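Please view the sequence and the structure together, and then read the points below.

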Amino acid sequence: MRTGNALNEHLEQLRAAERQSKRTLAALRHVDHRLTRHMAAWDSAWAHRLLPPMEEAAEHTKLWWAVAMVLSVSGGWKGCKAAAAGVSAMAVAEVLSNGIAKPLVERRRPPKEWISQDDAEDRPDSSSFPSGHTAAAVAFTAAVAASWPGAGAACAAATVLVAIERVHDGAHYLSDVAAGAAIGAAAAALVRMAPRLVLSRL
């Protein structure tokens, strides 16, 4: 009898934990949707001036390749090292986000009603989760910062604008951008650790 009671108590605890986790996820989803809708509806002259050019520059990682070229040409050995680290981390981040995470997590883009019709028509058809643009931007910036902190700090401002733009134009939920940032940071860490891992196995 005691064994049966203990089992019932354990099952009830599991059910309670499941109910709590569902409530927590629902609350997080509500906050995510509310903040995303608020950012997508943000209407200011500042946003209209800065964000569209940032979207164009970040498309196909053109911005980060241009920065890598500038670092390589003007920064000497330090610049070449920072550029190589940034490009490598960006490549890893794109594989993780676009090649692995997106096919695994199929998520629709935010509702068209939240954004202007022009922006809604320009959105890609791929999964919303995670933000590949943000993953690439954070990976490049974090890897460059590890090799050349000053250059990384300069890249950080553009990275923040890229992340804001992805939510503002309705391409992503805020949680997509947060996941992309985490993937980018992880990619930069992997690139930074890779030489030590290789040497440790030799």
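Which residues have the most contacts inside the largest nonpolar core? They are Met-54, Trp-64, Leu-71, Phe-140, Val-144 and Val-162, in a core of 21 residues. This is a predicted model, in which local features need pLDDT of at least 70, side-chain atom pairs count only at pLDDT 80 or more, and totals for chains, interfaces and linings use all residues. Residues are numbered from 1 along each chain as its sequence is written, and side-chain values use heavy atoms, with hydrogens and water left out.

**Nonpolar cores**

- A nonpolar core is a set of buried Ala, Val, Leu, Ile, Met, Phe, Trp, Tyr and Cys residues joined through side-chain atoms within 4.5 Å; buried means under 20% relative accessible area, exposed over 50%, and partly exposed in between (1.4 Å probe, protein chains only).
- Beyond its neighbours within four places in sequence, Trp-64 is in contact (heavy atoms within 4.5 Å) with Met-90, Ala-137, Phe-140, Thr-141, Cys-155, Ala-158, Thr-159 and Val-162.

**Helices α6 and α7**

- Helix α6 (residues 132-147) packs against helix α7 (residues 149-168) at an angle of about 170°, and their axes are 8 Å apart; the axes are lines fitted to C-alpha atoms over the stretch in contact, and angles run from 0 to 180 degrees between N-to-C directions.
- That angle makes α6 roughly antiparallel to α7, a term for angles over 145 degrees.
- By class, the contact of α6 with α7 has 11 nonpolar, 6 polar and 1 charged residues; Ala, Val, Leu, Ile, Met, Phe, Trp, Tyr, Cys and Pro count as nonpolar, Asp, Glu, Lys and Arg as charged, and the others, Gly among them, as polar.
- Because 12 of the 16 residues of α6 are buried, α6 is largely enclosed by the rest of the structure.
- In helix α7, Glu-165 counts as buried at 3% relative accessibility.
- Leaving aside neighbours within four places in sequence, Glu-165 is in contact with Leu-51 and Glu-55.

**Helix α4**

- The 29 residues of α4 reach 41 Å from first C-alpha to last, close to the 42 Å expected at 1.5 Å a residue; the expected span is 1.5 Å times one less than the number of residues.
- Ala-83 is found in helix α4 (residues 76-104) and counts as buried at 3% relative accessibility.
- Ala-83 and Ala-151 are 68 residues apart in sequence and 9.9 Å apart in space, C-alpha to C-alpha.

**Backbone features in the loops**

- Most residues other than glycine have a negative phi, and most peptide bonds are trans.
- A cis peptide bond, with omega about -10°, joins Phe-129 and Pro-130; Pro-130 lies in the loop between α5 (117-121) and α6.
- In the loop between α2 and α3, His-60 has a positive phi near 55° and is exposed, with a relative accessible area of 64%.
- Thr-61 lies in the loop between α2 and α3 and has a positive phi of about 55°, but counts as buried at 7% relative accessibility.

Note on methods:
Helix = DSSP H or I, 4+ residues; strand = E, 2+ residues; numbered from the N terminus. Parallel < 35°, antiparallel > 145°, perpendicular 65-115°, else oblique.
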